Amino acid sequence: MNAQQPLPLIGVTMGDGAGVGPEVIVPAVLDTATLSRCRPVVIGDAARLREAARILGTDCEIVTVPDPAAAETAPGRINVVDLGVLPEGLPWGVLSAAAGNAAYEYVKRAAELALAGEIDGICTAPLNKEALHAAGHVYPGHTELLAHFTGVEEVSMMLSTEKVKVIHVTTHIGLIDAVNRIEPGLVERTVRRGHEAMVRAGVAEPVIGVCGINPHAGENGLFGYGEEEEKIVPALETVRRDGIDARGPLPADTAFFLASRGDYDLIVAMYHDQGHGPVKVLGIEAGVNLTVGLPVIRTSVDHGTAFDIAGTGKAEAGSMIEALRQAAEMSTAR
């Protein structure tokens, strides 16, 4: 990042206040490496963060700010846009509709700030879907909530590790359904979202490898029924005309091997396991889930609310630190 360019402002949603979110946020946003990469601003409840800091034995100053622009970055200081929606004395580790509703409100405010251009990225602590539903907010999770609040109809999942980044055309559906759903328009939109995300991350001309559907990418019709020619090739021809360097369709095993040695900046996987399997081999311990296609990049931790250890000070902050690192890397400072 250019030394003259301000560090990106990252909105950190507190997630379910009965879970480990507050306990992983406190050390993550105080981390010196985090502060060298971004300006984190928590969107949550200041009182709960103070309670988490007491549990952790962390000496810090938790300061409420009216908006992210008012946040001052300094060692030992945590800036909070304080919504004050959690009830006093909320038990740790107990499913609560009140905590589910609060988590909903944090995401809603983050979306509003994103739409207003007041934050450059969003990093989410875990929420609990059952608590969210108990509060009357029937959404599968963060991704759908953010898409709803920002008015975005279609987003993509990207997995990001040190060695490889992967964006998915389809994710949580059966394999037969995935093959049926894949069509040139969806492939094209996914490639474009991936290209835009990489450009925003500072890769001016990303090289994108696009996987086929069948083994050996169909090998000229030997495998499958021409799915590559029907569903993928037209999309690649379209994006190439616009100057996007998208190569393929590629045999998936070859694509990930080449990506692991640096030949590709991004791989486009056609379905869930095609992308997730190699990522777990190539570095899932440092992997982060990103949502691409929102007004800002959104990253998330790779764990849940962990009610069994919430409020004990045992939660590890490593995943939150990594999610913040990648939110900063993938976001563009204003």
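In sorting residues by class, Ala, Val, Leu, Ile, Met, Phe, Trp, Tyr, Cys and Pro count as nonpolar, Asp, Glu, Lys and Arg as charged, and the others, Gly among them, as polar. The model discussed here is a predicted one.

By these classes, 15 nonpolar, 18 polar and nine charged residues make up the lining of the largest pocket. The volume of this pocket is about 1,100 Å³. Its lining comprises 42 residues, of which T143, E144, M157, H172 and N289 lie closest to the pocket centre. Two or more lining residues come from each of α6, β6 (156-160), α8, α11 (272-283), β11 (288-292) and β12 (297-300).

The structure has one cavity of 30 Å³ or more. The largest cavity has a volume of about 40 Å³, and its lining is formed by V29, L35, P40, E72, T73, R77, I78 and N79. Strand β4 (residues 77-82) contributes three residues, the most of any element, to this lining. Sorted by class, the cavity lining has four nonpolar, two polar and two charged residues.

Helix α6 (residues 142-150) meets helix α4 (residues 97-115), their axes coming within 9 Å and crossing at roughly 45°. Because of that angle, α4 is oblique to α6. The crossing of this pair is right-handed. On the α4 side the contact uses Y104, V107, K108, A111 and L115, and on the α6 side H142, L145, L146, F149 and T150. Seven residues of this contact are nonpolar, two are polar and one is charged.

Helix α8 (residues 184-200) packs with helix α9 (residues 227-241), the axes coming within 8 Å and crossing at roughly 45°. These helices are therefore oblique to each other as well, and α8 passes α9 in a right-handed crossing. From α8, the residues P184, V187, E188, V191 and R192 meet E230, K231, I232, P234, A235, L236, T238 and V239 of α9. This contact divides into eight nonpolar, one polar and four charged residues.

How values were computed:
Residues are numbered from 1 along each chain as its sequence is written. This is a predicted model: local features need pLDDT of at least 70, side-chain atom pairs count only at pLDDT 80 or more; totals for chains, interfaces and linings use all residues. Side-chain values use heavy atoms; hydrogens and water are left out. Axes are lines fitted to C-alpha atoms, for helices over the stretch in contact, and angles run from 0 to 180 degrees between N-to-C directions. Helices (H or I, at least four residues) and strands (E, at least two) are DSSP runs, numbered from the N terminus. Angles under 35 degrees count as roughly parallel, over 145 as roughly antiparallel, 65 to 115 as roughly perpendicular and the rest as oblique. A crossing is left-handed if the near helix is turned anticlockwise from the far one by less than a right angle, and right-handed if clockwise. Contact means heavy atoms within 4.5 Å. On a 1 Å grid over the protein atoms alone, a cavity is a set of points where a 1.4 Å probe fits but cannot get out, and a pocket is an open set with protein on both sides within 12 Å along at least five of seven lines; lining residues have an atom within 4 Å of a point. Grid points are joined across faces, edges and corners, and a volume is the space filled by probe spheres set on the points.
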